[in-house]
Amino acid sequence: MTTKMFGAPVQRREDPRLVSGNGRYLDDLGQDALAAAFVRSPYAHARILDIDVTNAIDIPGVIAIYTHEDLDGNTTERLPLLIPHPALTNPMTAYCLSPDVVKHVGEAVAMVVATDRYVAEDACERIKVDYEQLPVVVGLAKSRAAEVLVHVEAPGNVAAHMVQEVGDAAAAIASSPHQLTLSLQIERSASMPMEGKGVYARWDSDEQSIRLYSSTQTSTGVRAAVAAKLGMPLAKVECIAPDVGGGFGVKIMHPWPEEVLIPWAARRLDAEVKWVEDRREHFISSAHERAQLQDVEVGFDDTGRVLGLSVKFWHDNGAYTPYGIIVPIITSTQLLGPYKPGAYRVEFFSMYTNTVMVTPYRGAGRPQGVFAMERTMDAIADYLGLDRTDVRSANFIQVEDMPYDHGLLFQDGRPLMYDSGDFPASLAKLKALVGWDDFAAYRAQAEAEGRRVGLGIGCYVEGTGVGPYEGGHIQVETSGRVNVSTGLTSQGQGHQTVFAQIVADELGVPIESVFVTTGDTRRFGYAVGTFASRAAVMSGNAIALAARNVREKALRIAGEALEVDPGDLEIVDGIVRVKGDPESSIALATVAVMSNPLRYAFDESAKAATQFAHTGAMDYSKPPVADGEEPGLEGKGYYSPTQATFANGMHAAIVETDPQTAEIKILRYCVIHDCGRMINPMIVEGQVHGGVAQGVGGALYERMVYDDAGQLLNASFMDFLMPYASEVPHVETDHLETPSPLNSLGIKGAGEAGTIPVSAVIASAIEDAEGFPITSMPISPDELWNLRRQHAEGLIPDLRRGSRTTSNSPTSTNA
């Protein structure tokens, strides 16, 4: 009997190949290709006066040097605005190579193609570019002041202004028994995948076609963009994502200038051309995220129930907005988390600065929104002297409220309507896991030892599985091998395992027979991409539909062969058999042979499908392939949901802050996670653990530091801090599975969950330990030490301390 795969902790099938050094990443390809390198602006805002390539063009090994003047056709125009929006009134995108004015350090102005990367880099150093430096805008304060404009086309440096409101928030706040205001800040950070971006292109002059390999999160998107920019038929462009060494959102942006220029150069030179991003390039010419300033006004009653909430924030989108305003839209809507305020108004301004552009990074606007909401919840609890979990409970959406419509539009342009979740149950699990009610005794014991500890909490809801669609294709070969393909790409999520688990169950075959391909437009041409925790929901359901189509066809063919009703058949371990009579059976591989009538026999199994192989009675009035049928045992399925599914979770942390050095140590980190039915609990655990690690980085270490001239001061791993394994705590997890009613598998996304609330949780814990408000993240020991000094001088108020856990129960907190 086939073991049930869905829900089993199957070990990742892709790992043996990857950990043994047999992965095929972008730089493993095209070893004989020409290499490209780029001249990038050293200034944040400057006019290009002249580009002199004289000293570089004659270097042995230099094949070509290109500036904007050398480009042609659509490549001379700005890169596309991927996601237009009515509120994005002043969108700006970059050029492949800047024609006149650069807007941030790292913007490309020239490309060199040479026999190898060393020669190309040497040539770049010899190209002389004369610039006229222009005034620079760095940071939201200068952007809001608008004394200098990043783009003259964007008055006030405003790219977008958007307001959504449900009810009359101002009136609700004014009439509330209590009011509070908060000013909060999240600083700029960025994803740091182990592998940066990379592109490799091969031009076929005979076929007038191009094959493109890109380290991307959307091979179909890159394919379409390159075809448009190069003026080529879509059918003449192929794009494959090989093994990708991490993405975290930065590689969903497309097309990057290099994704257009490398295939353009390959066609122009009739040669293979490759470019691989180095680490400094990733810092200064890729994408960042997170930076926001937030003002919160809230009105509430004596129980802490929010009667009115008004949030205004300013989002730093950097120099360009190619990905639209998805990040601030997500902040503005996902800020509400598991709560239902009486009235809500949110207003944001997306602002230009002379810095690297901002696109989604794991969490994609949610960490900022959760920070605003959870800081507000803690502030209400402190003001009223209530337990922080009681205030949250007073505001929870209840199970009976589902589906819950917030009355807002989400990032997909559809209503923000939660489909499922049991927030009170999640909180009860979290309190039990971390020992919430026992923490006061643990704190007292720590204080007696001269230690300073705090307990923090954060709750979130994450929209996952956004549309518009994904598809899947399944083919059963005559050997019994099952080939599965889907268009979205993989960057380490375990797709080859979880999609195989789904197919094994749906089709009734051993998982060892299932082979999964992702991100290859030769195999599957229609897809959207891997982002927004959508792969399992979207492609998982599409693949399940495809498997059901194949199963139906297999049972029909087998039923004819066995002369039984297809409804009386089952497929077990790759064998189609009569229920209750396993001896009456036929192999699925044989069904695959029978599904494809042949004229020619290429092997023993194929003989059974040729025209003279049938010895029994034949109905010669019917064609070999029935009307409406196709040869082969294969099928497709597409999944297109009416809305996103909404996963959720709650985190808690115990931290210790050193009384002398202000060092911050995470003693315990606990997670309750609800992504519906889990396909593979072990992979979900891995996603949560990895997400928490990135969240810890964002809370305590990672930030992009610009000076006033727009120079990124920590553009290397020597200076940009990331947590090592020694800084990442052991993550304790428990799961709640509330199935989504929106899809037949009952699943919700999991990829970003671990990251989303971490800054809010750590801020809550540090605040609990120190006794004064924490309003900005990330926070370093130096910053905490300075906050202590300001607090001692009376510049920062005390917490009222009423929100601290006061239970005297015996401790069970094993910190």
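Modeller: Glu-258 touches Phe-38, Arg-40, Lys-197, Val-199, Pro-263 and Trp-275, when residues up to four places away in sequence are not counted, a contact being heavy atoms within 4.5 Å. This is a predicted model, in which local features need pLDDT of at least 70 and side-chain atom pairs count only at pLDDT 80 or more, while totals for chains, interfaces and linings use all residues. Residues are numbered from 1 along each chain as its sequence is written, and side-chain values use heavy atoms, with hydrogens and water left out.

Glu-258 lies in helix H7 (residues 257-269), helices (H or I, at least four residues) and strands (E, at least two) being DSSP runs numbered from the N terminus. With a relative accessible area of 3%, Glu-258 is buried, a label for values under 20%, with exposed meaning over 50% and partly exposed in between (1.4 Å probe, protein chains only). Between the C-alpha atoms of Glu-258 and Ala-108 the distance is 9.4 Å, although 150 residues separate the two in sequence.

Gln-501, in helix H14 (residues 495-507), has a relative accessible area of 0% and is buried. Its side chain makes a polar contact of 2.8 Å with the side chain of Asn-680, and the residues that Gln-501 touches beyond four places in sequence include Met-5, Val-10 and Ile-679. Asn-680 in turn caps the N-terminal end of helix H18, with a side-chain oxygen 3.0 Å from the backbone nitrogen of Met-682.

The side chain of Thr-657 makes a polar contact of 2.6 Å with that of Glu-770, and, leaving aside neighbours within four places in sequence, Arg-452, Leu-784 and Arg-788 are among the residues in contact with Thr-657.

As for the whole, the protein has 20 helices and 29 strands. Its radius of gyration is 29 Å, close to the 28 Å that the globule rule gives for 815 residues, so the protein is as compact as a globular protein of that length; the radius is taken over C-alpha atoms, and the rule is 2.2 Å times the number of residues to the power 0.38. Along the principal axes, the C-alpha trace spans about 95 × 75 × 50 Å. Of the 815 residues, 59% are buried, and among contacts with a separation of 6 or more, 80% join residues 24 or more positions apart.

Notes. Polar contact = N/O pair within 3.5 Å; in protein donor to acceptor, adjacent residues only side chain to side chain.
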